[in-house]
Amino acid sequence: MKKVFNYIKNILLTIVFVICISFLGLRAFGIQSSVVMSGSMEPTLPTGSVVFVDYRYDYNKLKIGDIAVFSANEGMDVIHRIVEQKPEGFITKGDNNDVQDGLTVTPSTFKGKELFHIPFVGYGIKMMMQYRINIIIIGLVIFYFIYQFVFTYLIKAEDE
């Protein structure tokens, strides 16, 4: 039973490690993640999805149909689909909205282009960003290391 527990524990720790390294590695290439907080892009980008955005994407390569991230009023970032191109910039609209945004995406407001997304994972990320959840996670990690120390070193020392 102990071997099965250790095997499962090692697999879970490896998965968490690979995910963390992947997020850091993507960041080195200008790719960052954001959580979708509204339903304006459903069903394409469900609420709670983690969206990976290429922040180094060239504004001049954008075309109709691309999903772009841009700064809107009050510094809020929006992720919507480009539906029209005008001389002054791109017009966007959420897939689930009936009307266009009424904003023009220009080189100065453009932030990046959506590369891919993972549905619903953002709920977990947002939950983990809450203060109380962080304390619980840190407490569990500390408890795990104390547990490992006690059972690995102290009990083995007593057995010898």
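This is a predicted model: local features need pLDDT of at least 70, side-chain atom pairs count only at pLDDT 80 or more; totals for chains, interfaces and linings use all residues.
Residues are numbered from 1 along each chain as its sequence is written, and side-chain values use heavy atoms, with hydrogens and water left out.

The structure holds 3 aromatic pairs. Rings of Phe, Tyr and Trp (its six-membered ring) are paired if their centres lie within 6.5 Å; planes under 30 degrees apart count as stacked, over 60 as edge-to-face and the rest as tilted. The ring centres of Phe52 and Phe116 are 4.5 Å apart and the planes meet at 20 degrees, so this pair is stacked. Because Phe52 belongs to strand β2 and Phe116 to strand β7, the pair ties together parts that are 64 residues apart in sequence. Helices (H or I, at least four residues) and strands (E, at least two) are DSSP runs, numbered from the N terminus. Phe52 counts as buried, at 4% relative accessibility, whereas Phe116 counts as partly exposed, at 37%. In these terms, buried means under 20% relative accessible area, exposed over 50%, and partly exposed in between (1.4 Å probe, protein chains only).

An edge-to-face pair is formed by Tyr59 and Phe110, with 5.8 Å from centre to centre and 65 degrees between the planes. This pair links distant parts of the chain, since Tyr59 lies in the loop between β2 and β3 (67-71) and Phe110 in strand β7, 51 residues apart. Tyr59 counts as buried at 13% relative accessibility, and Phe110 is buried with a relative accessible area of 12%. Ring pairs join Tyr59, Phe90 and Phe110 into a cluster. Leaving aside neighbours within four places in sequence, Phe110 is in contact (heavy atoms within 4.5 Å) with Tyr57, Asp58, Tyr59, Leu62, Ala68, Val69, Phe70 and Val105. The C-alpha atoms of Phe110 and Ala72 are 9.5 Å apart in space, although the two residues are 38 residues apart in sequence.

Side chains of opposite charge can pair when their charged atoms come close. A salt bridge is defined as a side-chain nitrogen of Lys or Arg within 4 Å of a carboxyl oxygen of Asp or Glu, and a search of the whole structure finds 3 of them. Asp66 counts as buried, at 7% relative accessibility, while Lys63 counts as partly exposed, at 48%. Lys111 forms a salt bridge with Asp77, and the closest N and O atoms are 3.0 Å apart. Lys111 lies in strand β7 and Asp77 in strand β4 (residues 77-86), so the pair ties together parts that are 34 residues apart in sequence. Lys111 is partly exposed, with a relative accessible area of 29%, and Asp77 counts as partly exposed at 37%. The side chains of Arg81 and Asp95 also meet in a salt bridge, at 2.8 Å from N to O. This pair links distant parts of the chain: Arg81 is in strand β4 and Asp95 in the loop between β5 (89-93) and β6 (104-105), 14 residues apart. Arg81 is partly exposed, with a relative accessible area of 22%, and Asp95 counts as partly exposed at 27%.

Lys113 is found in strand β7 (residues 110-118). This residue is buried yet has no salt bridge, and the nearest side chain of opposite charge, Asp66, is 4.1 Å away. For charge, Lys and Arg count as positive and Asp and Glu as negative; His and the chain ends are not counted. Not counting residues up to four places away in sequence, Lys113 touches Phe52, Val53, Asp54, Tyr57, Leu62, Asp66 and Ile67.

Two exposed residues were also examined. Pro43 lies in the loop between β1 (31-35) and β2 (50-54), and counts as exposed at 74% relative accessibility. Leu12 lies in helix α1 (residues 2-28) and counts as exposed at 52% relative accessibility.
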